[in-house]
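Hi,

Here is the structure I promised to pass on. Please load it first; my notes follow below.

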Amino acid sequence: MAAGHRAQWKGFLKFGEVSCGVALYTAASTSERITFNTINKATGNRVNRIFIDSETGDPVPKELQTKGFEIDNGQYIIIDPEEVTATIPENNKTLEIDAFIPCADVDDVYFDKPYYLTPDKMGGDAFVALRDGMKKSNVAAVARAVLFRRVRTVLIRPHGRGLIATTMNYDYEVRSSKKAFEGMPKIKIQGEMMDLAKHIISTKKGEFDPATFEDRYEAALADLVKAKIEGRSLPKPKKVEVSKPNDLLAALRQSAGMIKAAAEKPKRTAANANAGTGRKPAARAKASKTASSRSAAQRKAG
């Protein structure tokens, strides 16, 4: 791992009677997002958080704060921090594989947070044997370990030159899809409407490339902060019009026609394509401007 990328956990990976030293590194982080502080409008000063008693309104110092479980409205059982610590299972620093399962068997609604799983200097052979064996068998491994003070189930899969370990949501944490979809009307789409929908889908097929995903909210925040610094206002976004049932077919026809017209548009010749190489493409200029805006915003807003 690159310098400055600190391991979140170090321990052992065990499968059968074989074990090797491993480390977990955060695979996804929100640390680069723009953050704001809470400010007092009257003074322009930063606001500090203070815990107060819900009944008396008096500030409560840290040494008097503890945990509590509500058993009734306003009635709590006091839980001391020492009692919470005592419930944490014994940590043997081992990711123990319970089973190997087909990769397709796991519903990704159970995925929680991904980590890169790498070997230490002495465990390379065992690590590579496990990685390559899983690749050839097209399986994932289900393992358990005490991670970050809790027993967690982890799904381990081959990923590039290493493995990726994803902590899993427990079954009681995942809400039923039946409950979410129970109010959906029973509608059957067929005929021209179905043909147009399939046509639009077929002409918009692509490949998964996360590098093309733009965090528009983050970019908008950067633009907003930059505009505030420069003393200007941003234009209001256009309102999105939702297609109504009676004009859905017309919208599908229009979409299909627009896609067809774009596909039939003649391509630029090589001479014309190279004619504009002396100036910076608008998209690249915009991206560069957004990047510089975001950098400035992070310095000011953080």
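Start at Thr166, which sits in strand 9. Helices (H or I, at least four residues) and strands (E, at least two) are DSSP runs, numbered from the N terminus. Residues are numbered from 1 along each chain as its sequence is written, and side-chain values use heavy atoms, without hydrogens or water. The model is predicted: local features need pLDDT of at least 70, side-chain atom pairs count only at pLDDT 80 or more, and totals for chains, interfaces and linings use all residues.

Thr166 counts as buried because its relative accessibility is 3%. The cut-offs are: buried under 20% relative accessible area, exposed over 50%, partly exposed in between (1.4 Å probe, protein chains only). Its side chain makes a polar contact with the side chain of Arg157, at 3.1 Å. That term means a pair of N or O atoms within 3.5 Å; within protein, one must be able to donate a hydrogen and the other to accept it, and residues adjacent in sequence count only if both atoms are side-chain atoms. Beyond four places in sequence, Thr166 touches residues including Phe111, Pro114, Thr153 and Leu155. Contact here is heavy atoms within 4.5 Å.

Now the strands. Strand 8 (residues 150-159) pairs antiparallel with strand 7 (residues 139-147) over seven bridges. Pairing needs at least two DSSP bridges between two strands. Arg152 in strand 8 stands opposite Ala145. Two residues separate strands 7 and 8 in their hairpin, and Phe148 in the turn has a positive phi of about 55°. Strand 8 also runs antiparallel to strand 9 (residues 162-168), joined by six bridges. Pro158 has Leu163 as its bridge partner there. This hairpin too has two residues between its strands; Gly160 in the turn has a positive phi of about 60°.

Next, the core. The largest nonpolar core holds 23 residues, and Leu13, Leu95, Leu117, Ile156 and Leu163 touch the most other members. Such a core is a set of buried Ala, Val, Leu, Ile, Met, Phe, Trp, Tyr and Cys residues joined through side-chain atoms within 4.5 Å. Strand 7 gives the largest share, five residues. Leu13 is in contact with residues including Leu95, Leu117, Ile156 and Leu163.

Last, confidence. pLDDT is the predictor's confidence in each residue, from 0 to 100. The chain averages 80, and 81% of the residues score at least 70. Among its elements, strand 9 has the highest mean (95) and helix 7 (residues 270-275) the lowest (40). Over residues 269-302 pLDDT stays under 50.

Best wishes
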